[in-house]
Amino acid sequence: MNLTPDLLQLQEINDSHHRIAGGKAVNLARLQAQGFDVSPGSCVTTPVYIRYVNETGIASRIAIELNRKFQQDMRWEELWDAALRIRHMFMTTPFPPDMEVMLQNALSHFQSIPVVIRSSAAEEDSARHSFAGMHESYVNILGMEEILEHIRLVWASLWSDRALLYRQELNLTPDESGIAVLVQQWIDSHISGVAFEQDPTSPDRAIIEAVPGQNQALVDGSIEPHRWFLDNRDGRILSSVPDDSRLLSPNQLSRIYAVTQHCSRLFGSPQDVEWTFFQDTLYILQSRPITTLETEHPGETPWEAPDKRPWYLSLTKSFHHLKKLKVHIEEQLLPQMDRQAEELAAENLEALDNNSLANELHRRRQIYGQWAETYHSQLIPFAHGARLFGQVYNDAMKPEDPFAFTRLLVATNMKSLARNRRLQQLAKDYLADPSQGLLDKFLQEFGDLTYDNARLGDQTDNWKRWLNRLAVSQAPEEQLDISAINRLTQDFIDRFPPEKRSFAEELIDIARASYMLRDNDNIHLAKIESRLIDAQNLARRRIASYFAHQLDTDQLIQCLRDPHYIPTITTRRLIIDEPLDKHMIPNLTHPQFETQTDEFVLNARQIRGQPAGTGLAEGPARIVSDTESLFSFKQGEILVCDAIDPNMTFIVPLAAAIVERRGGMLVHGAIIAREYGLPCVTGVPNALDFIQTGARLTVDGYLGIVTIHDKDS
Amino acid sequence: MHNIDDIKQSLRELLSRQYFMALATQANGQPHASLVAFAATDDLEYFYFATPRSTRKYANITQECRVSLLIDNRGNDIKDIATAMGVTVEGLAQEVTTGERDSTLPIYLEKNPAMKEFVQSPHTVFVKVKVLRYRIVTQFQNVVTLEIAGSK
């Protein structure tokens, strides 16, 4: 028997319902009781969610998904993957029959009117936290079947990637946490917006923002809102942007201002109020405390801050942002990077005296640093294109495999594959005619790859060794069936009504470009890095000290400027000239990781990661961590590394399988493994602590399990 | 994944919280599993349990001293699959000698005071298992082996 109601009408809700109806519903009910206009609504309470996840077994499936590894070992990309798998569980698991009947009856009054379906979690909108936008909302939903499906999608958003990032703060546990869902009549308004009782940057002002039509345009940033600043003591209009805006009349502005003031008094703190006009009625959609997401250390780049979560959150770009970003990257950034590398290559370093070389070294490091920053601020965020597509694809197609969408992304010719084909050909040519001319031609083409702070073109002997090995190896077939991909693409587009098909097509374009860029972005950066390394190498030759190879850029500059300077050689510095991914990995090196104490020895037998490429393989491991191990890689070995960098993908065709410490279904290693049909497990914690070169491994790419066999078996 | 010290600590916690373990013995190729009350030493090197001398498990041990133990913290809930820890021990079983009995029996009785009468019966054998290695399963399919050096 139910002691708590499954459904509550907005007017039945009071403060005592906070736990089962959530903050948003309780706040709206309070506003309604105060006489504000609130759209009529019903609340599906938290206990209904809890019953659903327990009766269908989703609660345990979430527990398994989230217990794959310790939370602190999960990267944001893995959280996104986990969130997508969980969302897929909700989407493909129907309600228990009695629950479906109960909801159909209780919501029958919404049968034929469009509704808004929103989350109302106990934690959001409370005075302590405002996790704005943590969970999903769906607007203009019509018909019972659609309503029921979207209730489950809002439930799934309890476990969104954003929520999972803040799992500890939100106190999320698979069997106890719950979320209420608010179903409200949709208001087809002509003007909407957000009002802030207090401007975060200037507390004496209030702000009102408005856009024509629905609020969604404002939330996803696709339309620049009109903005008014008001004196928050008397509501006097101070200024507006644009300065002659007539989108809202003075009367409308003063009504919105009054409502915002009233809400702030009612809830006892400055509020951020979402509003909308329908004809002359001012509806309140939501009121919550104003919060600002600021990094704790101003001046620090967000990807270097101790708490990187605000940076991760900023990576989920809207369709409109991605569209603009794509043009900017393809037409501006990548050509600029290539031009920059060419300009640097054209400079004659040899002609510089030591002092000028020191200056040049300093300049090149700066240039590289700036581009590395661009890489973080523009290229990495664009990777979200593939993710956004993944979610839209799953909603439209409801495939059995939540990552089926990746099959559509490979239709374009991947540069890494083209590079590998070319490499194979050159190797065959070189075997037939091992001349210096051919080798030079090859180094011209591939020399600017960089790995572990070295320019690979500088390693002629290693390349000779490599070409000889590659020429006699059997490269795997690429798994590319263009006609099947075209069919899948067409199926996806056909699933949309005609007026939305151009959106579907554009989204695929963005997703493919994003996937391609992921495959190739570091190569552009490596060209610039190569020019920094050229200057470093020349400096080392001039210093001609036995220790020169151990000096970092700062020390090289000092040595060039001051012949009497004696640098202190410490251990090798990993980070200094490498502002790449390593900054984003909190536990890249963990020197404290112990596998031996007194008489105990710890070995791993099986480690679980993510199944990122299907298939099963057995073979000897090779840890690749520097150029020596890179060029020592042999056919049939299992590639074990921290993260596959596009600069090292030339060894992948020889690998039997890939094991990567860095996690994710859409990371470079996973993409390339799928291209070659190789079993791949990513996100294997401590892979480099427990696996040694030569150890026999079984890589299960179906389940994401790596087994390390005993030496004697 | 945990450090070795964290692993040892979680083993100690598991072994002090659980009262029963499955004991696997064998004779003539036939495995035999039994449920017994146990105690383990804080250094993780020994397990103790008691059994009547006439049991099949004791007969098996006298034929083949290599045994396996299973200790886990499942709560018979479907969620255990994600959260429970299972520990398999491989070790060598042997009756505790009269000389050792005074120093080791208190370890067992401190944890299982109700077994006092049972242990003191002339028919009961007090058995120790010297641990060779632990195989520890967490998070559904993560498996590590903790070897005690010199025992291989």
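Helices (H or I, at least four residues) and strands (E, at least two) are DSSP runs, numbered from the N terminus. With that settled, I looked up Pro203(A), and found it in the loop between strand S6 (191-196) and strand S7 (205-212) of chain A.

**Ground rules.** I'm working on a predicted model, where local features need pLDDT of at least 70 and side-chain atom pairs count only at pLDDT 80 or more, while totals for chains, interfaces and linings use all residues. Residues are numbered from 1 along each chain as its sequence is written, chains are lettered from A and ligands numbered from 1 in the order in which they are written, and side-chain values use heavy atoms, with hydrogens and water left out.

**Pro203, continued.** I checked its contacts (heavy atoms within 4.5 Å). Leaving aside residues up to four places away in sequence, Pro203(A) touches Gln198(A) and Asn232(A).

**Where A meets B.** I found 30 residues of chain A in contact with 26 residues of chain B. For buried area I used the accessible area (1.4 Å probe) that two parts lose on being put together, summed over both. Chains A and B bury about 2,600 Å² between them, with 58% of it on carbon and sulfur atoms. Phe70(A), Phe600(A) and Leu602(A) supply 24% of the area chain A buries against chain B, more than any other three residues.

A salt bridge here is a side-chain nitrogen of Lys or Arg within 4 Å of a carboxyl oxygen of Asp or Glu, and the count between chain A and chain B is 0.

Which elements of chain A each supply at least two residues of the side that touches chain B? I got helix H3 (58-66), strand S14 (596-597) and strand S15 (600-608). The largest share, 9 residues, comes from S15(A).

I then looked at how S15(A) sits against chain B. Two strands pair if DSSP finds at least two bridges between them. I see 6 bridges joining S15(A) to strand S7 (residues 142-148) of chain B, and the two run antiparallel. Val601(A) has Glu147(B) as its bridge partner in S7(B).

**The open sheet in chain A.** I traced 5 strands in the order S1-S2-S5-S3-S4, with antiparallel pairing. Strand S1 (7-9) and strand S4 (137-141) of chain A stand at the edges with a single partner strand each, so one side of each is left without a neighbour in the sheet. Strand S3 (residues 115-120) of chain A is joined to S4(A) by 3 bridges, and Ile117(A) stands opposite Tyr138(A) in S4(A).

Asn140(A) also belongs to strand S4 of chain A. I noted its phi near 55°, a positive value in a residue other than glycine. Most residues other than glycine have a negative phi, and most peptide bonds are trans.

**A cis bond.** I found a cis peptide bond joining Val241(A) and Pro242(A), with omega about -10°. Pro242(A) is in the loop between strand S9 (237-241) and helix H10 (250-267) of chain A.

**Salt bridges overall.** In one of them, Asp6(A) pairs with Arg51(A), the closest N and O atoms being 3.1 Å apart. Asp6(A) lies in the segment before S1 of chain A and Arg51(A) in helix H2 (residues 46-56) of chain A, so the pair ties together parts that are 45 residues apart in sequence.
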